[in-house]
Amino acid sequence: MFTTAYKFVRFEKSKSMGILTAIIISIYLIGIELGMFFYLANLIGGLVGNANPDYAQVFVVNRQTENANQLSPFDVRWINQLRSIEGVDDTHGFVITPVTVKFPNGKDAPAMIVGSVYPALAAGPSSGLIESGSLHDLAAPEIVSTDYYDNKALRYEVQRGTRFEINGKAATVGVTTRHAKGFNAPLLYTTLDKARYYSGLSETMVSGIIVTVRNPEMIEPVVRRINQTAPDLKAWPAEELRTGTIVNVMTANNMGMSFATLVIFGIISGFFIIGLTMYSATYDRIKDYGTLKAIGASGRYITRLVIAQSLIYAVTGFLVSLLLLFISKIGMAGAGLIISLSPPLLTFLFLMTLLISVGSSYFSINKLRKVEPSSVFR
């Protein structure tokens, strides 16, 4: 079956190239769009995602806040009050505020400084994000972290040991991270005291509280108890706050709608372009299919033959698209745009390739059902 199908594909070289090109372009564009969507989602939820998973099971923020990137400060005394709630193992206040950084070349840039109590450093960065240095280095005076991919945003070739100013106060890069990026601005991680020093935030205020709940079954009861105890605050399980932040930003800026529209457009355009090209190729070889029927081939065999051709197109087109996606991923990584080609995403793309290719063969199958063996002799 596949040998005969391959002969049909090879015989119609020009149209086969057209079909493959349409599959490659459609799947590549869908893959790039979804890759960028997940990249932006990781940036938007970065503040929660970069937190230390050993401590950060629940986040407590101002009740009006639905975006973890825009936290309003509240009374620091809640840190001790929440620690007394049943099921809470520990609490960690953290500060995140906008600052301005200035480098020796005179250029400045906006950034966000994130500070939490050493040695837990519950707000991050987690140890898996460290590129150079160690979390213990952040305890030293003037030491903060920067991310490997934020040099372009900071407009300076920042590396470990670089000295610069934060709000006019001296600072030194002692730790570099990789993929610990923020959505609004580069994130500078340090201890709670230094974050207050650089930002000027009062010692009586915190931006949020990270609650440690080591028993996963106690997370929901703890969230409920905190929400009952602190009417002006709201407790979120970490993943819910991350997801809520992504949804809030995506819907507020219509970013989610834009990505969804482009993906749907790629699927629809690929479906019809491939379907019409396959139909044209089938129409050109209509006598060959009629000959097959004349020598005894059943309608089911003809249908399987067309589907086999579409599977050949799908597998070939997907493999070429995959190669282009990995080349693009490597090229974009140099510019700091990290596209994640995760196994679930690749599985989705492969299934989408099969859907577009096999589904669009319907036009050809429908045409061949009406072909009579006698048409060979006309």
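Predicted model: local features only at pLDDT ≥ 70, side-chain atom pairs only at ≥ 80, totals over all residues.
Helix α6 itself covers residues 192-199, and its buried residues are Leu192, Lys194, Ala195, Arg196 and Tyr198.

Two helix pairs were examined for their packing. Two packed helices are described by the angle between their axes and the distance between the axes. For helix α9 (residues 255-284) and helix α13 (residues 362-369), the angle is about 30° and the axes are 7 Å apart. Angles under 35 degrees count as roughly parallel, and α9 and α13 are therefore roughly parallel to each other. On the α9 side, the contact is made by Phe271, Phe272, Gly275, Met278, Tyr279, Thr282 and Tyr283. Helix α13 contributes Phe363, Ser364, Lys367 and Leu368. By type, the residues of this contact of α9 with α13 are seven nonpolar, three polar and one charged.

The second pair consists of helix α2 (residues 13-44) and helix α8 (residues 238-252), whose axes cross at roughly 115° and come within 9 Å. The crossing of α2 past α8 is right-handed. In this contact, Phe37, Leu40, Ala41, Asn42 and Ile44 of α2 meet Arg242, Thr245, Ile246, Val249 and Met250 of α8. The residues in the contact of α2 with α8 comprise seven nonpolar, two polar and one charged.

In soluble globular proteins, nonpolar side chains tend to be buried together. The largest nonpolar core in the model contains 36 residues, and those with the most contacts inside it are Ile274, Tyr289, Leu292, Tyr313 and Leu349. At least two residues of this core come from each of α1 (2-11), α2, α9, α10 (286-294), α11 (299-333), α12 (343-360) and α13. Helix α11 gives the most to this core, with nine residues. For Tyr289, leaving aside neighbours within four places in sequence, the residues in contact are Phe8, Thr282, Ile302, Leu305, Val306, Gln309 and Leu368. A second, separate core has 23 residues, among them Leu47, Ala51, Met112 and Leu129.

Asp288 lies in helix α10. The relative accessible area of Asp288 is 28%, and this residue is partly exposed. Asp288 and Phe8 are 280 residues apart in sequence, while their C-alpha atoms are 9.5 Å apart in space. Phe8 is also one of the residues in contact with Tyr289.

Definitions and conventions: Residues numbered from 1 in each chain as written. Heavy atoms only, no water. Axes fitted to C-alpha atoms, helices over the stretch in contact; angles between N-to-C directions. Helix = DSSP H or I, 4+ residues; strand = E, 2+ residues; numbered from the N terminus. Parallel < 35°, antiparallel > 145°, perpendicular 65-115°, else oblique. Contact = heavy atoms within 4.5 Å. Nonpolar A, V, L, I, M, F, W, Y, C, P; charged D, E, K, R; others polar. Buried < 20%, exposed > 50% of the residue type's maximum accessible area, 1.4 Å probe, protein only. Left-handed = near helix turned anticlockwise from the far one by under 90°. Core = buried A, V, L, I, M, F, W, Y, C linked by side-chain atoms within 4.5 Å.
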